[in-house]
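What follows is a walk through one structure, from its strands to its core and then to a pair of helices. Keep the sequence and the 3D view at hand while reading.

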Amino acid sequence: LIEATHSGGEMTLKWYPLRPTLWDSLNTIGYTITRWELNAQNQPMVNTKTTLTGGTGIMPIRPKSEQWFKENGGGGAGYLEAVGAVLYDSTFQFPKNDLLDATEMRYSYLILEAQFPDNFAAEGLGLLYKDDGMTDGLRYRYEVSAMQNGQTLVSALIDMDSESGIWRSSDEK
């Protein structure tokens with residue numbers, strides 16, 4: 001699932017893998033963000049593909065380090081320390097549950113936290129990208145993907161008008 005908002009000359013992308021075990025494995029693989037400019041027919045224009053993260057020499061987006069959560073856990077984002085503990089502390093355990101395993105419980109809690117409007121948890125969990133490199137009035141297609149051994153594990157697309165921030169379509173593979 002992918003969502004995008006445009007505000008103050010910046011496009012903010014947030015995404016949420018829909019399967020807990022896939023989400024768990026993607027935390028080490030990371031995500032690639034690609035952007036294309038679209039023509040009047042909403043088709044990608046030739047030679048406008050830009051790899052924003054995860055390309056040659058560009059690191060994919062992954063969760064921040066355990067230390068990042070500790071350093072940013074105080075103040076108004078005090079919940080971040082708990083988010084980091086759920087993500088990294090191997091001794092952290094949810095109460096016993098017959099419906100969900102440990103990965104599903106971690107996923108359910110962390111993905112919910114990533115949806116907060118302040119974006120702190122989404123950034124820390126590696127589920128957020130901010131793009132300030134668009135031109136107002138143009139349309140763009142963003143793809144969030146993760147690959148391993150040349151195989152696409154997950155891919156989601158969203159088309160956005162950079163001036164109005166109106167989404168046009170989305171698709172998940």
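Two strands are taken to pair if DSSP finds at least two bridges between them. The model examined here is predicted. In it, strand β6 (residues 139-148) and strand β7 (residues 151-161) run antiparallel and are joined by ten bridges. At one of these bridges, Gln148 has Gln151 of β7 as its partner. Two residues lie between the strands of this hairpin, and Asn149 adopts a positive phi near 55°.

Strand β6 also pairs with β3 (residues 32-38), again in the antiparallel sense, over seven bridges. Here Thr34 is placed opposite Glu143 of β6. How far is β6 enclosed by the rest of the structure? Buried means under 20% relative accessible area. Seven of the ten residues of β6 are buried, so the strand is largely enclosed.

A separate set of pairings involves three strands, which form an open sheet in the order β1-β2-β5 with antiparallel pairing. Its edge strands, each pairing on one side only, are β1 (2-7) and β5 (128-131). From one strand to the next, the twist averages 15°. Between β1 and strand β2 (residues 10-15) there are six bridges, and Thr5 stands opposite Thr12 in β2.

The interior can be followed next. In soluble globular proteins, nonpolar side chains tend to be buried together. The largest nonpolar core of this model has 40 residues, and those with the most contacts inside it are Leu13, Trp15, Tyr31, Ile33, Leu125 and Tyr142. Helix α3 (residues 79-88) supplies the largest share of this core, five residues. Leaving aside residues up to four places away in sequence, Ile33 touches Leu13, Trp15, Thr50, Thr51, Leu52, Thr53, Ile61, Tyr129, Tyr142, Glu143 and Val144.

The last stop is a helix pair. Two packed helices are described by the angle between their axes and the distance between the axes. For helix α1 (residues 20-29) and helix α4 (residues 102-114), the axes come within 9 Å and cross at roughly 75°. On the α1 side, the contact is made by Pro20, Thr21, Trp23 and Asp24; on the α4 side, by Thr103, Glu104, Arg106, Tyr107, Leu110 and Ile111. Sorted by type, the residues of this contact are five nonpolar, two polar and three charged.

How values were computed. Residues numbered from 1 in each chain as written. Predicted model: local features only at pLDDT ≥ 70, side-chain atom pairs only at ≥ 80, totals over all residues. Heavy atoms only, no water. Buried < 20%, exposed > 50% of the residue type's maximum accessible area, 1.4 Å probe, protein only. Helix = DSSP H or I, 4+ residues; strand = E, 2+ residues; numbered from the N terminus. Core = buried A, V, L, I, M, F, W, Y, C linked by side-chain atoms within 4.5 Å. Contact = heavy atoms within 4.5 Å. Axes fitted to C-alpha atoms, helices over the stretch in contact; angles between N-to-C directions. Nonpolar A, V, L, I, M, F, W, Y, C, P; charged D, E, K, R; others polar.
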